[in-house]
Amino acid sequence: MRSDVASLPGSPERPNEDWAAAALPASGRGGTVVLLDGVTPPATDDGCVHSVPWFTARLGGALAELSASRPDVPLSEILSRAIRRTADAHRDTCDLSHVRTPQATVVLVRWDDTRVEHLVLSDSVLLVEAPDGAVRAVLDDRLDRVPDEILRSLEATDRLRNREGGFFTAAADPAVAARAVTGTTPRAEVRSLAALTDGASRWVDLFGAGDWTDCLGVLRKEGSLGLLHRVRALETADERAGGARRWKRHDDATAVYTELSGD
């Protein structure tokens, strides 16, 4: 296995709220990838004394440890246990029922000699490349279905956050794990994987600089940091043109590219 991870903060004035890891089990066979995109809260009370990076570090660490050490447990249950463990770490100090309690999108992938398991929750992206070069994007598109005019309102968005008919993120309720997009692919049908936060996937889904196959090609040739530099260049050009296609000037951007061949 060869894995390449890169992350850039959206602003030097704010901490990077993404979190990523690639791990091999002690046996050296198979592996796991974890990618989180922390949800930036508005500058109002969210009921928690901790930062989003505090939350993503603990949730990400729990996901990496559990997914690598418990191959017998399905990924949805891994996510449920990790959410519960993280919630227990600040249940006594914070109001975890608050709709804006720290939360994150999730991509979780685990593989062994026979299969590749995946889980995607909210708007981060998983790319799965077949040996023939065909690329499949695994998406949770529920947030994309919410009209832009609703997303521009904090109150309207809150009414759909972790609600039926809206969209779901990993926050404090372990039951949300059952809402994730999950699946399994035979190991022989996977050449490589890529996990992207929405700050990195905007190369395709916001700027249209290429399709998902092109994106995988950039990752292979230029590495994860190469893709992120391309995104920053597009953002800068868009800003100079008036920013018609963006909501944020820059966003935290993280990419994990993993080749499974040879593991």
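In this predicted model, Val120 sits opposite Val181 of strand 8. That pair belongs to the stretch where strand 5 (residues 115-121) and strand 8 run antiparallel, joined over 6 bridges. Zooming out, the two strands are part of an open, antiparallel sheet of 5 strands, ordered 2-3-4-5-8. The edges go to strand 2 (18-23) and strand 8 (181-186); each has a single partner strand, so one side of each lacks a neighbour in the sheet. From one strand to the next, the twist averages 5 degrees.

Helix 2 (residues 75-90) lies across two members of this sheet, strand 4 (104-111) and strand 5, and makes an angle of about 45 degrees with strand 5.

Now for the packing. The largest nonpolar core counts 25 residues, and the ones with the most contacts inside it are Leu59, Leu63, Leu79, Val106, Leu108 and Leu121. At least two residues of this core come from each of strand 3 (31-38), helix 1 (52-69), helix 2, strand 4 and strand 5. Helix 1 is the top contributor, giving 7 residues. As a general rule, nonpolar side chains in soluble globular proteins tend to be buried together.

Leaving aside residues up to four places away in sequence, Leu121 touches Leu79, Val106, Phe168, Ala170, Val176 and Ala180, among others. Its contacts also include Thr105 and Thr169, along with Asp140, Arg142 and Arg179.

The model has another open sheet, again of 5 strands with antiparallel pairing, this one in the order 1-10-9-6-7. Strand 1 and strand 10 (residues 253-259) run antiparallel and are joined by 7 bridges; along the way, Ala6 stands opposite Ala255 in strand 10.

This sheet has a helix laid over it too. Helix 6 (residues 212-240) lies across strand 1, strand 6 (125-129), strand 7, strand 9 (192-196) and strand 10, and runs at about 140 degrees to strand 10.

Conventions:
Residues are numbered from 1 along each chain as its sequence is written. This is a predicted model: local features need pLDDT of at least 70, side-chain atom pairs count only at pLDDT 80 or more; totals for chains, interfaces and linings use all residues. Side-chain values use heavy atoms; hydrogens and water are left out. Two strands pair if DSSP finds at least two bridges between them. Helices (H or I, at least four residues) and strands (E, at least two) are DSSP runs, numbered from the N terminus. Axes are lines fitted to C-alpha atoms, for helices over the stretch in contact, and angles run from 0 to 180 degrees between N-to-C directions. Contact means heavy atoms within 4.5 Å. A nonpolar core is a set of buried Ala, Val, Leu, Ile, Met, Phe, Trp, Tyr and Cys residues joined through side-chain atoms within 4.5 Å. Buried means under 20% relative accessible area, exposed over 50%, partly exposed in between (1.4 Å probe, protein chains only).
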